[in-house]
Amino acid sequence: MSKEKLIQRYNAAERINHWIVAICFVLLAISGLAFFYPAFFWLTGVFGTPQLARIVHPFVGVVMFLAFARQFFRYAHHNLINREDVRWMMSVREVMKGNEVGDIGRYNGGQKGMFWLMVLCMILLLGSGFIAWRPYFATLFPIPVIRIALLVHAASALALIAGIIVHVYAALWVQGTIRAMVEGVVTHAWAKKHHPRWYRQMTGDTSAAD
Amino acid sequence: MALQSLDILRRSASPTPAPEARTPTEIAKLIDVSVCIGCKACQVACSEWNELRADVGSCIGVYDNPTDMSSQAWTVMRFNEVEQNGTLEWLIRKDGCMHCADPGCLKACPSPGAIVQYKNGIVDFHQENCIGCGYCVSGCPFNVPRLSPTDSKAYKCNMCSDRVAMGQEPACVKTCPTGAIQFGSKEDMKEVADTRITDLKSRGYDQAGLYDPQGVGGTHVMYVLHHADQPELYSGLPKDPAISTAVSLWKGALKPLATLGVAAAGLFGFFHYITVGPNRADDDDGHHDTKTEREDAR
C-alpha cells in the first residue's frame with residue numbers, strides 16, 4: 001500500500017467539530033445514564049462527585065448542541081433524502097450483507113436517516129433540557145411541563161444513544177471509514193465502493209457508474 | 001438528616017430490598033382543619049426545632065406568611081376565604097409534606113439514599129446525598145419539596161423524624177394549642193378522625209370526611225375536612241393526587257424499553273460483525289469478491 005490513491009472527505013475543521021460533539025456526547029451519555037439507571041449511578045464518579053456531574057451535564061449539553069448546530073449547517077444540504085435513498089432503505093437487508101445498493105452520493109440512505117434522527121434528538125434534548133435545568137430555568141416552567149420535559153429528555157437521549165451505537169458500528173463495519181474522520185481521507189476504492197456518485201464527482205472518473 | 005434509628009422501608013434509586021426483619025407501627029399526623037385557629041404556632045415550632053429561619057416577608061393582603069414553603073419553611077399555614085352553604089368560611093390549612101405511602105419524590109429521585117421512606121411511614125430527605133436535580137419537585141403530586149437557593153439541595157418536612165425516633169411527637173403537634181394536630185399510630189388517628197367526622201356531620205357538615213388519598217397509597221399526614229368532597233377549597237389541596245403519568249412512564253416503562261433498544265443495537269452490531277464480517281473495499285478495481293474457502297458441513 002505504498003502509493004494508495006486518496007480523496008479528502010473531511011477537512012481539519014470538520015474533524016475537530018465532529019470530535020467536539022463526540023466527546024460531549026460521551027460525557028453526556030455517562031452522566032445521563034447515571035441519572036437514568038440507578039445501577040449506573042456510580043458513573044457520576046467520572047465527574048468527581050454526583051453533584052458535580054449534575055452541575056456539569058447541562059453545560060456540556062449546550063456545548064454539544066452548539067457544535068452540532070455547526071455540523072447541521074455544514075451537512076444538511078448533503079442529507080436531503082431522494083429516491084435513491086429510499087431505494088437504499090428498502091434494500092437495507094442486502095446492504096447489511098455487504099452488497100452496496102444504488103448509485104450513492106456523499107451519504108447513503110442510512111447515513112441520511114441517522115442525520116435526521118440526530119437532528120430531531122438534539123432539538124428535543126435542548127428544549128427539554130432547558131426546561132428541566134435547575135436551578136436556572138426550571139423555575140420558569142410549571143411542574144407538569146417539567147415532568148413531560150424529563151420524560152422527553154430521557155426518551156430522546158436513549159434514542160440518540162442507540163442511534164450513536166449504530167453510527168459507531170457502521171463506521172467500524174465499513175472498513176476505512178474511521179480514517180475519514182481521523183485523518184480526513186478515504187481511499188479511491190472505498191469511495192468507489194460505498195459512494196460511487198460522490199467518487200465520480202470528486203475524481204471525474206466515470207468508470208464507477210452503476 | 002441521616003438518622004439511622006428508624007428502619008428504612010424504601011430508599012431512592014436502590015432497586016434491591018431494604019432490611020425487612022423489623023416491622024414498626026405505621027404512624028400518622030392528623031390535622032383537623034375544623035379545630036385549627038390559624039395561630040401559626042406550628043410554623044414557629046417547626047422553625048425552632050429544625051433551626052430554620054425564613055426571611056421576614058411582607059404582608060400580601062392575606063395572613064399567609066411566609067407565602068410559600070421554602071428550604072427555610074417546611075410548613076406554612078394557608079388561608080382561604082370561600083362561600084359555602086350561603087355563608088363565608090375561612091378555611092385554614094397547614095400545608096407541608098404529606099408523607100405518601102407511595103412517594104412521587106422518592107420514585108423520581110436518581111440519587112441512591114437521598115430520599116428514604118421509613119417503615120413507620122415518614123419520608124425523609126438525606127441532603128448529603130442530594131445532587132440538586134430537582135426531580136423530587138417534579139415527582140411530588142403535592143408540590144412540596146423546595147430546592148435551597150444557597151446549597152441547591154432539596155428540603156421538606158421530615159415529620160421531625162429525629163423526635164419520632166426518640167418516641168416524641170413532631171414539634172408542630174407538641175405546640176398546637178387547640179389539639180388540631182394530633183399524632184399517633186395511623187390506625188388510632190383514623191379512629192380519632194372518625195369521631196371528629198361524626199361530630200362535624202351532626203353539626204351540619206354533611207360532606208365532612210378524612211383526607212387520606214388512595215392515589216398515593218394513603219398518606220401519613222391526614223386531614224379532617226368539613227368539605228371532604230371539595231378538598232380544592234383548602235388552598236388547592238388536590239382532589240385525587242397520584243404520581244403523574246409522565247413520571248410513571250419516565251421511571252417505569254421507559255427503562256426496560258430503553259434497555260432493550262440500546263442492548264439490541266449493541267448486540268446486533270456484535271453479532272453482525274462476527275457473522276457477516278467487515279465490509280472491505282481493499283481493491284483498486286472495485287468489483288472483487290473475496291472468496292473464502294469453506295469446509296462444507298456434512
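Predicted model: local features only at pLDDT ≥ 70, side-chain atom pairs only at ≥ 80, totals over all residues.
**Entry 1: chain A overall**

I started with the secondary structure of chain A and found nine helices and two strands. Along the sequence the pattern reads β-α-α-α-α-α-α-α-β-α-α. I then looked up the extent of the chain: the C-alpha atoms of chain A fill a box of roughly 60 × 35 × 30 Å along the principal axes. Of the 210 residues in chain A, 35% are buried. I also checked the contacts between residues at least 6 apart in sequence, and 60% of those in chain A join residues at least 24 apart.

**Entry 2: two helices of chain A**

Next I picked a helix pair. Two packed helices are described by the angle between their axes and the distance between the axes. For α1(A), residues 12–36, and α2(A), residues 50–75, the axes come within 8 Å and cross at roughly 145°. The crossing of α1(A) past α2(A) is left-handed. I noted some of the residues that make this contact: on α1(A) they include Val21(A), Phe25(A) and Leu28(A), and on α2(A) they include Val60(A), Met64(A) and Phe68(A). Glu14(A) of α1(A) and Arg74(A) of α2(A) are also among them. Sorted by class, the contact of α1(A) with α2(A) has 13 nonpolar, seven polar and three charged residues.

**Entry 3: a sheet in chain B**

**Entry 4: Cys130(B)**

I was curious about a cysteine in the loop between β6 and α3 of chain B, namely Cys130(B). Is Cys130(B) buried or exposed? I count Cys130(B) as buried because 27 other C-beta atoms lie within 10 Å, and the cut-off for buried is 20 or more. Leaving aside neighbours within four places in sequence, Cys130(B) is in contact with Ser111(B), Ala114(B), Phe125(B), Lys153(B) and Ala154(B). I also looked up Ser152(B), 22 residues along the chain from Cys130(B), and their C-alpha atoms are separated by 8.6 Å.

**Entry 5: the domains of chain B**

The domain assignment of chain B gives domain 1 as 8–228 + 239–243 and domain 2 as 244–275. Taken over C-alpha atoms, the centres of these two domains of chain B are separated by 38 Å. Seven residues of domain 1 are in contact with four residues of domain 2 in chain B. On the domain 1 side, α2(B), residues 104–108, and α3(B) each supply at least two residues. The largest share of that side, three residues, comes from α2(B).

**Entry 6: where chain B meets chain A**

Last, I turned to the contact between the chains: 40 residues of chain B are in contact with 38 residues of chain A. On the side of chain B that touches chain A, α3(B), α7(B) and α8(B) each supply at least two residues. The largest share of this side, 10 residues, comes from α8(B). By class, I logged 22 nonpolar, 14 polar and four charged residues on the side of chain B that touches chain A.

How values were computed:
Residues numbered from 1 in each chain as written. Chains lettered and ligands numbered in written order. Helix = DSSP H or I, 4+ residues; strand = E, 2+ residues; numbered from the N terminus. Buried ≥ 20, exposed ≤ 12 C-beta atoms within 10 Å, placed from the backbone. Contact = placed C-beta atoms within 7 Å. Nonpolar A, V, L, I, M, F, W, Y, C, P; charged D, E, K, R; others polar. Axes fitted to C-alpha atoms, helices over the stretch in contact; angles between N-to-C directions. Left-handed = near helix turned anticlockwise from the far one by under 90°. Domains from an automatic or database assignment.
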